[in-house]
Amino acid sequence: KKKAEWVWQEMQKSKFPLDQKAYKTLFKLYIKVPDVDGAVRVCKEMERNSIQMTPDMYASLISACAEVADDNRALEFLREMEKRRMKLNVITYTSAINAYCKSRDLAGADRLVAEMSNKGIRPNAITYMTLLRGCEIQNDPVRAMMTFKAVKDDARVTLDAEILRPILRILKRMANAHNPSEKEGPARSMIKDAKDALASDLIKKGLKINGAQLG
């Protein structure tokens with residue numbers, strides 16, 4: 001943050017007109033912190049100098065909001081993109097959903113999933129994993145079971161080892177946190193389903209299966 005502030009001050013002192021590239025360089029420094037207020041300050045200064053924000057800058061702002069669990073501002077930036085007729089995609093929505101999950105507002109996350117689906121933007125594997133991590137944060141195995149069923153039933157998502165391994169880790173952490181001694185139940189059932197799907201993918205690829213591979 002100190003570096004971003006120093007660069008900002010030096011840019012302010014400069015007598016040379018700044019272009020979009022210069023502003024974006026400073027913007028990225030604030031995003032990296034993440035310092036949403038600092039990044040917004042850069043954006044406002046850009047627009048005062050008749051340099052328009054780009055969709056990728058809004059996407060970065062939404063991602064930064066997710067990092068600091070600020071769902072309100074993430075939604076605010078999403079709505080600004082709509083007002084400016086910028087195209088929203090699954091990455092932008094998933095970043096906003098992540099902000100809701102990290103702020104423990106799973107109902108808000110579900111509303112955004114429904115909204116994107118109504119616009120013809122389908123959730124992808126990252127969206128589902130984001131929702132599952134939200135269930136883990138909230139310690140909600142019932143909602144996790146519904147989410148896992150949704151990802152299994154979604155023909156557009158390929159459940160391969162790359163996707164299943166992190167899903168399996170999330171499910172196991174949830175099961176252990178919720179009831180470590182439980183041998184049966186929704187969480188354990190999900191783990192079994194995930195292991196079966198992972199084993200199936202490994203077999204298709206001609207790989208030998210062992211305990212380590214199944215998490």
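1. Contacts along the chain. In this predicted model, residues 24 or more positions apart account for 60% of the contacts in the protein chain with a separation of 6 or more. One example of two residues brought together from separate parts of the sequence is cysteine 65 and serine 95: they are 30 residues apart along the chain, and their C-alpha atoms are separated by 8.4 Å.

2. The protein chain has eleven helices and zero strands, and its pattern along the sequence reads α-α-α-α-α-α-α-α-α-α-α. Of the 215 residues in the protein chain, 43% are buried.

3. Nonpolar core. The largest nonpolar core has 61 residues. Phe27, Leu61, Phe77, Ile97, Ile167 and Leu171 are the members with the most contacts inside this core. Helix H10 (residues 161-178) supplies the largest share of the core, eight residues. In soluble globular proteins, nonpolar side chains tend to be buried together.

4. Phenylalanine 27. Neighbours within four places in sequence are left aside here. Phenylalanine 27 then has contacts with Ala39, Val42, Cys43, Met57, Ser60 and Leu61. Of these partners, Leu61 is also listed among the core residues with the most contacts.

5. Cysteine 65. This residue sits in helix H4 (residues 55-67) and is buried, with a relative accessible area of 0%. With neighbours within four places in sequence again set aside, cysteine 65 is in contact with Val36, Asp70, Arg73, Ala74, Phe77 and Ala99.

6. The structure holds zero disulfides. Cysteine 135 counts as buried, at 1% relative accessibility.

7. Largest pocket. About 170 Å³ of space lies in the largest pocket. Helix H7 (106-118), helix H8 (125-138) and helix H9 (141-153) are the elements that give two or more residues to its lining. The largest share of the lining, four residues, is from H9.

8. The lining residues are Asp110, Val113, Ala114, Tyr128, Leu131, Arg143, Met146, Thr147 and Ala150. They divide into six nonpolar, one polar and two charged.

9. A cis peptide bond. Most residues other than glycine have a negative phi, and most peptide bonds are trans. The bond from valine 33 to proline 34 is cis, with omega near -5°. Proline 34 lies in the loop between helix H2 (20-32) and helix H3 (36-48).

10. Positive phi at alanine 69. Alanine 69 is not a glycine, yet its phi is positive, about 55°. The residue is in the loop between H4 and helix H5 (71-83). Is alanine 69 buried or partly exposed? At 29% relative accessibility, alanine 69 counts as partly exposed.

11. Positive phi at arginine 104. Arginine 104, another residue other than glycine, has a positive phi near 70°. Arginine 104 is placed in the loop between helix H6 (90-102) and H7. Its relative accessibility of 49% counts as partly exposed, since exposed means over 50%.

Technical notes. Residues are numbered from 1 along each chain as its sequence is written. This is a predicted model: local features need pLDDT of at least 70, side-chain atom pairs count only at pLDDT 80 or more; totals for chains, interfaces and linings use all residues. Side-chain values use heavy atoms; hydrogens and water are left out. A disulfide is a pair of cysteine sulfur atoms within 2.5 Å. Buried means under 20% relative accessible area, exposed over 50%, partly exposed in between (1.4 Å probe, protein chains only). A nonpolar core is a set of buried Ala, Val, Leu, Ile, Met, Phe, Trp, Tyr and Cys residues joined through side-chain atoms within 4.5 Å. Contact means heavy atoms within 4.5 Å. On a 1 Å grid over the protein atoms alone, a cavity is a set of points where a 1.4 Å probe fits but cannot get out, and a pocket is an open set with protein on both sides within 12 Å along at least five of seven lines; lining residues have an atom within 4 Å of a point. Grid points are joined across faces, edges and corners, and a volume is the space filled by probe spheres set on the points. Ala, Val, Leu, Ile, Met, Phe, Trp, Tyr, Cys and Pro count as nonpolar, Asp, Glu, Lys and Arg as charged, and the others, Gly among them, as polar.
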